[in-house]
Amino acid sequence: QVQLVESGGGLVHTGDSLTLSCAASGRTFSTYVVGWYRQAPGYSRDREFVGAIDWSGGTTDYADSVTCRFTISRDNGKNTVYLQMNGLQPEDGGVYYCAAAGVATITSMSTGEWVDYWGQGTQVTVSS
């Protein structure tokens, strides 16, 4: 069992940076692929893949919309995964979720279907 808790969200201005953290419980967390997803305001909005990192931290994958602006890293000693966001735009706003998958590849995380555990989310608001 893995429990995920996101933190670091808040209200920022266009162009600002923000770092989100995903703290996990569970001794096997270091073996999980971890992904970040976001959901923009509105009931009809689907959860959008942001990026993912493999168990070692050596491989990452990003959605085209955030490539070169967002960076995912992890510290398995602290059971924490980070999402560094630079150059934030209003369209980056939403609830950000981290998720862990025990059996998944980096590329398969984009669909979210292999996720075993989800966090509760943290709100990011970017004002123009």
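## Strand pairing

Strand 3 (residues 18-25) pairs with strand 8 (residues 80-85) in the antiparallel sense over 6 bridges. Strands here are DSSP runs of E with at least two residues, numbered from the N terminus, and two strands pair if DSSP finds at least two bridges between them. The model is predicted: local features need pLDDT of at least 70, side-chain atom pairs count only at pLDDT 80 or more, and totals for chains, interfaces and linings use all residues. Residues are numbered from 1 along each chain as its sequence is written, and side-chain values use heavy atoms, with hydrogens and water left out.

Thr19 has Gln84 in strand 8 as its bridge partner. Strand 8 also pairs with strand 7 (residues 70-75), again in the antiparallel sense over 6 bridges, and Phe70 stands opposite Met85 of strand 8. Strands 7 and 8 form a hairpin with 4 residues between them; in the turn, Asn79 has a positive phi of about 50 degrees.

## Aromatic rings and charges

The whole structure contains 4 aromatic pairs, where rings of Phe, Tyr and Trp (its six-membered ring) pair if their centres lie within 6.5 Å, with planes under 30 degrees apart counted as stacked, over 60 as edge-to-face and the rest as tilted. Tyr37 and Phe49 form an edge-to-face pair, 5.7 Å centre to centre with 65 degrees between the planes. This pair links distant parts of the chain, with Tyr37 in strand 4 (residues 33-39) and Phe49 in strand 5 (residues 48-53), 12 residues apart. Tyr37 counts as buried because its relative accessibility is 2%; buried means under 20% relative accessible area, exposed over 50% and partly exposed in between (1.4 Å probe, protein chains only). Phe49 is likewise buried, at 10%. Ring pairs link Tyr37, Phe49, Tyr97 and Trp118 into a cluster.

| Charged residue | Ring | Distance to ring centre |
|---|---|---|
| Arg47 | Tyr97 | 3.8 Å |
| Arg74 | Phe29 | 5.1 Å |

## Cysteines

The count comes to 1 disulfide, defined as a pair of cysteine sulfur atoms within 2.5 Å. This disulfide joins Cys22 to Cys98, with S to S at 2.1 Å. Cys22 lies in strand 3 and Cys98 in strand 9 (residues 94-101), so the pair ties together parts that are 76 residues apart in sequence. The link of Cys22 and Cys98 is right-handed, with 60 degrees about the S-S bond. Both Cys22 and Cys98 are buried, whereas Cys68 is exposed, with a relative accessible area of 80%.

Conventions:
A charge sits over a ring if NZ of Lys or CZ of Arg is within 6 Å of the ring centre and within 35 degrees of the ring normal.
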